[in-house]
Amino acid sequence: MYRARLFASRHARAYEVIYNATSPVILSTLNIINKLTKGKLDKPITWSEKIVKGFLFDCQMCGNCVLSSTGMACPMNCPKTLRNGPCGGVRANGNCEVKPEMKCVWVEAWSGSEKMKNNLAIQEIQFAVDHSHRGSSAWIRLAKEDKQIT
Amino acid sequence: MSIPETNNQAYTYHPGELLPGLEGHISRGRFERVLRNGDFAVTAELAPPDSTDRNEVFEQAALFDGFVDAINATDGSGANCHMSSVVVCALLSYIGYSPIMQISCRDRNRIAIQGDLLGAGALSVCNVLALTGDDVSAGDHPEAKRVFDLDSISLITLIKQIRDEGSFLSGRTITNPPQMFVGTSINPFVPPVESRILQLEKKINAGADFIQTQYCFDMPMFKDFMSKAVDKGLTEKAFFLPGVGTLASARTARWIKNNVPGVHIPDSIFKRLEGAQDQKKEGQKICTELMQQVKEIEGVSGVHVMAYKQEECVAQMVQDSGVLGDRKPWSPKDEY
């Protein structure tokens, strides 16, 4: 949802606090569920991730989530799916070259990042999306890898 | 099947010889030599033809002879179809020019791009410019599928990996990887303006060796950007070639402002054009003055001239500006 998405990047600091507090819990819970059910609940978990992140961030389920490194603005909403910053075509009013009615995702991302405590994360180079993860749950994958959820 | 001994020549033939490698140089091309030598470099944009006649490429390149160090071959600029940049660059390096192969992420995925980089390397192409690319909606095939498998920073990372680690993204070894001098672009004139310097830093950290900017018509804005780049030490890590261009008239300028993504033209330029008797001449005069002005800015190593449909005026403008001093860039005429 566009409005929820804009809200997220404009309140990126609050989202960061919530995320930092909840992610270890979600991660370890998913890890336990995964061990107990041997992946049988992967589908409903993926489905709920899609619903939750879809509503909050207009998540496109790329399976390579980098929200905490992009000021809580999902870069997959950029029509060019740019993962490292805006293109050179941003309009003078800060809107998208391709969708003139939409705020540039990276204008939102940079301003979101400035509000966050970890405002350097946006400077990390994100290599191109691994398309083999498309449609899968980033949560489950990271829980299995035992990494920080992003 | 083994190649017959007598035909070996045909398989080892190398069009456009590479220059001998120099200590501290990445590529074996002339463009990098000019920059590392501390000379003020001039690059110009060539519009690949809508034709299979290679003479059209050579004729356009010849317009720059003696005034330009490297020629950018655009890659489907404005999302319009033209001859491919790989082939334009191959043709140009064949007779010794130093082309800069533009790669847009719009049309090719990582498999195609890696293949083209090797192909270009085999044809002595030494310079590459990593670009995001205008969206398909900007061009004459708005119904096309946009690829954008990579973005410009991922593309720089990819080229650097191929070059420095000698392997494809998959890790598979490349014997004789292409030694490309990697550039990218930046547009300091459009939002998010305050973050553009951070984006530039990210691009240089990814491995950009040189930077060519979008049209630079707003000198105070550009000076401000460059002073930030100098403060961050970025001009020590990459060569900067701001883009300058010609505007045929105030009407054209207005059209560009409204229709070409990412071009910022301040009101002062419109006033100058509107007040002039010969607007085309005035546009060229502005371009010439911009060249002189950017040369004075700290951290600037050269200038990139984009004179779309006015390519025949580039040599005169460079000469009038005097930015080359008494240096005369290499041209095939010196050689043959």
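Student: What pattern does chain A follow, read along the sequence?
Tutor: This is a predicted model, and in it chain A follows the pattern α-α-α-α-α. That is 5 helices and 0 strands.

Student: How compact is chain A?
Tutor: As compact as a globular protein of that length, because its radius of gyration is 15 Å, close to the 15 Å that the globule rule gives for 150 residues. Along the principal axes, the C-alpha atoms of chain A fill a box of roughly 55 × 30 × 25 Å.

Student: And what share of the residues in chain A is buried?
Tutor: Buried residues are 40% of the 150 in chain A.

Student: What about contacts in chain A, how many join residues 24 or more positions apart?
Tutor: Taking the contacts with a separation of 6 or more, 69% are between residues 24 or more positions apart.

Student: Pick one residue. Where is Ala14(A)?
Tutor: Ala14(A) is in helix 2 of chain A, which covers residues 12-37.

Student: Why does Ala14(A) count as partly exposed?
Tutor: Because Ala14(A) has 14 C-beta neighbours inside 10 Å, and the partly exposed class lies between the exposed cut-off of 12 or fewer and the buried cut-off of 20 or more.

Student: How far is Ala14(A) from Glu101(A)?
Tutor: In sequence, Ala14(A) and Glu101(A) are 87 residues apart. In space the C-alpha to C-alpha distance is 27 Å.

Student: Now the other chain. How many residues does each chain put into the contact?
Tutor: Chain A gives 24 residues and chain B gives 27 residues. On the side of chain A that touches chain B, 14 are nonpolar, 7 polar and 3 charged.

Student: Within chain B, at what angle do helix 3 and helix 4 pack?
Tutor: Helix 3 of chain B (residues 54-62) and helix 4 of chain B (residues 85-94) pack at about 65 degrees, and their axes are 10 Å apart. Helix 3 of chain B is therefore roughly perpendicular to helix 4 of chain B.

Student: Which residues make that contact?
Tutor: Arg54(B), Val57(B) and Ala61(B) come from helix 3 of chain B, and Val88(B), Leu91(B) and Leu92(B) from helix 4 of chain B. By class there are 5 nonpolar, no polar and 1 charged.

Student: Further along, are helix 6 and helix 7 of chain B parallel or antiparallel?
Tutor: Roughly parallel. Helix 6 of chain B (residues 152-165) and helix 7 of chain B (residues 196-206) pack at an angle of about 20 degrees, with axes 8 Å apart. The contact joins Ile153(B), Ile156(B) and Thr157(B) of helix 6 of chain B to Lys202(B), Lys203(B) and Ala206(B) of helix 7 of chain B.

Student: What classes are those residues?
Tutor: The contact has 3 nonpolar, 1 polar and 2 charged residues.

Student: Where does helix 7 of chain B meet helix 8 of chain B?
Tutor: Arg196(B), Ile197(B) and Leu200(B) in helix 7 of chain B meet Phe225(B), Lys228(B) and Ala229(B) in helix 8 of chain B. That contact has 4 nonpolar, no polar and 2 charged residues.

Student: And how do those two cross, left-handed or right-handed?
Tutor: Helix 7 of chain B passes helix 8 of chain B in a right-handed crossing. Their axes come within 10 Å and cross at roughly 45 degrees, so helix 7 of chain B and helix 8 of chain B are oblique to each other.

Conventions. Residues are numbered from 1 along each chain as its sequence is written. Chains are lettered from A and ligands numbered from 1 in the order in which they are written. This is a predicted model: local features need pLDDT of at least 70, side-chain atom pairs count only at pLDDT 80 or more; totals for chains, interfaces and linings use all residues. Two residues are in contact if their C-beta atoms, placed from the backbone, lie within 7 Å. Ala, Val, Leu, Ile, Met, Phe, Trp, Tyr, Cys and Pro count as nonpolar, Asp, Glu, Lys and Arg as charged, and the others, Gly among them, as polar. Helices (H or I, at least four residues) and strands (E, at least two) are DSSP runs, numbered from the N terminus. The radius of gyration is taken over C-alpha atoms; the globule rule is 2.2 Å times the number of residues to the power 0.38. Axes are lines fitted to C-alpha atoms, for helices over the stretch in contact, and angles run from 0 to 180 degrees between N-to-C directions. Angles under 35 degrees count as roughly parallel, over 145 as roughly antiparallel, 65 to 115 as roughly perpendicular and the rest as oblique. A crossing is left-handed if the near helix is turned anticlockwise from the far one by less than a right angle, and right-handed if clockwise.
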